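Trainee: I would like to learn how to read a few features of this model. Please start with the contact between chains.

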Amino acid sequence: MPLAPCPYNELMLLKPASDIRSSEITDKKVYLQRREFIRAAAMTSIGAAAGTLGVTQAEAQSWPRVKIAGPIQASGWGKGEKPNAYEDITTYNNFYEFGTEKDEPARNAHTLRTRPWTVKVDGMVAKPADYLLDDLIKPHALEDRVYRLRCVERWSMVIPWVGIPLASLLKRIEPQTTAKFVEFTTLNDPKQMPGQRRSVLDWPYVEGLRLDEAMHPLTILAVGMFGEYLPNQNGAPIRLVVPWKYGFKSIKSIVRIRLTDRQPVNSWQVSAPSEYGFYSNVNPERDHPRWSQARERRIGEFLMRPTLMFNGYGDQVASLYAGMDLKRNY
Amino acid sequence: MSADRWIRWVVKPIVFLAALVPFAYLAWRAYHGNLTADPLTKVTNDTGIWTLRFVVVTLALTPVRRLTGWNALVRFRRMIGLFAFFYGSLHVLTYLVGDRFASLDFPDGFVALSTVRNLLASIWEDIAKRPYITVGFIAFVSMIPLALTSTKDWIRRLGGRNWQRIHRLVYLTGIAGVTHYWWRVKADTSNPAVYALIVALLLGFRLALSLKKSRWLRRPAEVGA
């Protein structure tokens with residue numbers, strides 16, 4: 001598997017710069033015209049669709065899907081799992097920054113500007129800095145990771161992520177020995193994220209991991225799915241994916257990564273401390289106060305599957321919690 | 001056409017058809033596979049909210065009639081109430097099939113006595129264990145006697161006064177329904193809050209009315225004393 005030094009480059013979305021001949025480069029005026037044409041065509045189809053009762057805007061506002069430039073390593077994760085349909089993964093989202101209904105992120109997330117994107121790395125690290133997204137990701141090889149995602153609301157999906165192990169990034173920024181936790185923060189900008197105009201949660205959205213959880217090889221920072229860049233509603237341009245925890249731990253559209261010696265207080269814990277804790281490991285034995293977590297509906301199926309401890313990743317992660325009472329530390 | 005015939009043959013059918021629109025829309029979207037990635041949850045949520053809306057409209061008819069003097073409204077009370085029950089039944093049905101039935105084990109296959117037993121146990125467990133299900137169940141069950149005694153025949157059989165007393169159960173339906181919704185949502189309580197406010201106003205109106213009435217009834221006694 002070839003390792004590209006620069007698998008992720010915002011200027012040359014389709015190919016590494018060296019592979020593009022000048023004859024291939026489209027004149028700016030021409031591509032702007034093309035974009036205008038595509039936009040006009042899209043608007044027309046939205047208009048037509050809106051005239052047809054029942055066609056949701058989410059379908060009408062389909063995103064330009066862009067293949068990730070450069071190689072993506074196969075990781076072997078998720079063999080035998082059948083990914084859910086792209087359509088389902090991109091129109092059924094919990095992303096309260098764009099509305100609390102499942103279809104709202106797909107309809108509203110077009111206002112998010114994902115480029116340029118800066119991630120502040122600070123706290124107890126040797127190399128604090130504001131990183132441009134590319135500088136953050138570039139030094140690491142992108143990998144395919146097909147993971148199960150279990151939402152705390154009792155549904156689940158299988159998603160083919162593209163990302164880098166969080167551990168490789170953390171090693172590069174060098175956490176100090178006193179650092180025990182990693183805190184992540186989502187963008188806070190009601191202009192781009194209309195859902196933030198209402199105080200449904202205490203914005204900005206914050207999540208956290210213990211440092212050993214963050215360093216676990218299963219934990220990734222995802223920048224894509226299906227070999228393409230993340231659609232906005234799925235947490236573009238960069239999000240966390242922690243497959244053995246409930247979905248809300250996998251924070252989206254990250255602008256800050258902070259190393260700390262104090263356990264971060266995550267947004268859902270602030271919102272409802274009796275229902276959502278810091279760990280939020282998938283646990284069929286510990287019911288949510290309002291519903292059982294013993295089963296889940298895999299999107300696309302009727303009968304619910306039994307939920308597996310740590311979402312089925314127990315062999316890899318159970319040792320992180322040896323000796324802990326996971327019903328109390330929910 | 002007299003006002004009576006106009007209501008019976010024109011307005012009522014229109015209201016009836018209008019009340020079926022949410023159902024038709026759901027059916028249409030179901031037919032086109034356009035009910036989100038999790039259709040059962042979508043149908044459960046949508047039928048639930050429509051139940052509450054129809055309960056609210058039922059509760060609103062009397063106050064609006066009093067305030068506007070538009071007495072013909074009383075003739076829509078039964079129909080709207082029965083539509084609340086209709087949507088409530090759909091809501092409960094999708095919950096039973098999509099949530100209770102779908103989360104069962106089927107050790108002896110689908111068609112087996114154990115399926116029935118497990119289903120009943122699972123329904124009962126949910127009602128006993130989850131407060132929002134408990135109040136939702138109360139809200140639904142409180143509508144059953146109202147639906148059953150909604151005919152003219154039952155009014156006659158029970159006598160107007162008794163019938164009216166029984167039908168005050170709808171106040172419980174409203175309160176339990178709003179509570180069910182409130183306890184169900186995750187963080188965004190703004191919608192349940194709106195329904196709670198409306199139900200509070202509608203019940204408050206009745207309370208104020210009955211207080212006023214009882215004071216009015218007492219007055220001659222005071223004068224006589």
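Mentor: Two residues are in contact if their C-beta atoms, placed from the backbone, lie within 7 Å. Here the contact takes 20 residues from chain A and 13 residues from chain B. This is a predicted model, in which local features need pLDDT of at least 70, side-chain atom pairs count only at pLDDT 80 or more, and totals for chains, interfaces and linings use all residues. Residues are numbered from 1 along each chain as its sequence is written, with chains lettered from A and ligands numbered from 1 in the order in which they are written.

Trainee: Which strands pair with E2(A), and in which sense?

Mentor: Strands of a sheet pair through backbone hydrogen bonds, either parallel or antiparallel. Strands (E, at least two residues) and helices (H or I, at least four) are DSSP runs, numbered from the N terminus; two strands pair if DSSP finds at least two bridges between them. Strand E2 (residues 118–123) of chain A pairs with E3 (residues 129–132) of chain A in the antiparallel sense over four bridges. A:Val119 has A:Tyr131 as its bridge partner in E3(A), and five residues separate the two strands of this hairpin. With E11 (residues 254–260) of chain A, E2(A) pairs in the parallel sense, also over four bridges; there A:Gly123 has A:Leu259 as its bridge partner.

Trainee: What is the order of the five strands in the open sheet?

Mentor: The order in chain A is E3-E2-E11-E6-E7, with mixed pairing. E3 and E7 (206–210) of chain A each have a single partner strand, so one side of each is left without a neighbour in the sheet.
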